[in-house]
Amino acid sequence: MITFYDIPSTTSLNSWSPNGWKTRYTLNFKGLPYKTEWVEYPDIAALYQKNNVPAPAKQSDGSPYYSLPLIHDSKTNTFVADSLEIAKYLDKTYPDTPKVLPDGEEGLAKTTQFLGELGGTMFPLFPIIFQATVPILNEVSKDHFKVARAKNLVSVFNNIKSIDEIQLSEKEVEERWEQVRAGFQGLDSKFGGEGKELAWFAGDKITFADFALAGMLLWIKLVWGEESAEWKRVSGWNNGKWATMLKKLEAYHTVA
């Protein structure tokens, strides 16, 4: 059995993190049995340390950066962190399930490049959506999240210690939304092209890159709500292509 460690919320699906959804989509798509263990933000480091799992990354000051998703596979008694590394592990360990990563170094490089482009596209929205995420978290995680996410934004907001310190005018908020819209216009070429129906990143088959984008879209939808102005804005971009993507992936929205 695979244990999937994810961060809970008060949303209808409980699971909300875009990084977590990359792994949850992968597990559901492969049809692998798993169970979720919910871990609040302040408990993530202890989870790693208790199981002698090295941190998947480092902070800018060189200290360990403990993050989810993380899985434990009892079949191999293996812990794997980071959604892309988890996808690689599951493709290799369970070859009879649908692959989510392309074969060969070139295909993997294209996927990795796309993940970077997606992060850059979403970055202008981070100050806004980080603040919007706080209300859906359980109380025990809110302060930790505010401080941790501030570290992601120090390149834009100097010396902030918490995202509570960020104050944007209506004009600044609108400008950031427009930057994200323009970014999605650029991404559109990888998903069928302007004015055309949705195509998956790899063409005719669903892959990890699709899960990465869908995870971001689901984050927006869950944080603000299906009837919100924010989701209606995004779901209307590119002739409704992004809302169509989530609709087509609904079969993999199971939270085990």
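Tutor: Gladly; we will go from the sheet to its helices and then to the aromatic rings.

Tutor: This is a predicted model, in which local features need pLDDT of at least 70 and side-chain atom pairs count only at pLDDT 80 or more, while totals for chains, interfaces and linings use all residues. Residues are numbered from 1 along each chain as its sequence is written, and side-chain values use heavy atoms, with hydrogens and water left out.

Student: What makes β2 and β6 edge strands?

Tutor: The open sheet has four strands in the order β2-β1-β5-β6, with mixed pairing. β2 (34–38) and β6 (78–81) each have a single partner strand, so one side of each lacks a neighbour in the sheet. On average, neighbouring strands here are turned by 20° against each other, direction ignored. Strands are DSSP runs of E with at least two residues, and helices are runs of H or I with at least four, numbered from the N terminus.

Student: How do you know that β1 and β2 are paired, and in which sense?

Tutor: Pairing requires that DSSP finds at least two bridges between two strands. β1 and β2 have five bridges and run parallel, with Asp6 opposite Trp38 in β2. β1 and β5 are joined antiparallel by four bridges, and Ile2 has Asp73 in β5 as its bridge partner. Four bridges also join β5 (residues 70–73) to β6, again in the antiparallel sense.

Student: Why is β1 called largely enclosed?

Tutor: Buried means under 20% relative accessible area, exposed means over 50%, and partly exposed lies in between (1.4 Å probe, protein chains only). Five of the five residues of β1 are buried, so the strand is largely enclosed by the rest of the structure. Ile2, Phe4 and Asp6 point one way, whereas Thr3 and Tyr5 point the other way.

Student: Where does helix α1 lie?

Tutor: Helix α1 (residues 18–30) lies across β1 (2–6), β2 and β5, at about 155° to β1. Such angles run from 0 to 180 degrees between N-to-C directions, with axes fitted to C-alpha atoms, for helices over the stretch in contact; contact means heavy atoms within 4.5 Å.

Student: Why is the pair of Phe130 and Trp219 called tilted?

Tutor: Rings of Phe, Tyr and Trp (its six-membered ring) pair if their centres lie within 6.5 Å; planes under 30 degrees apart are stacked, over 60 edge-to-face, and the rest tilted. The structure holds 22 such aromatic pairs. Phe130 and Trp219 have ring centres 6.2 Å apart and planes at 40°, so they are a tilted pair. Phe130 is in helix α5 (residues 126–133) and Trp219 in helix α8 (residues 208–224), so the pair ties together parts 89 residues apart in sequence. Phe130 counts as buried at 5% relative accessibility, and Trp219 is buried too, at 4%.

Student: What makes the pair of Phe191 and Trp242 edge-to-face?

Tutor: Their ring centres are 5.8 Å apart and their planes stand at 80°, so the pair is edge-to-face. Phe191 sits in the loop between α7 (170–187) and α8, and Trp242 in helix α10 (residues 241–248), 51 residues apart. Both are buried.

Student: How do you know that Arg24 sits over the ring of Trp21?

Tutor: The rule asks for NZ of Lys or CZ of Arg within 6 Å of the ring centre and within 35 degrees of the ring normal. Arg24 lies over the face of Trp21 at 5.8 Å from the ring centre.
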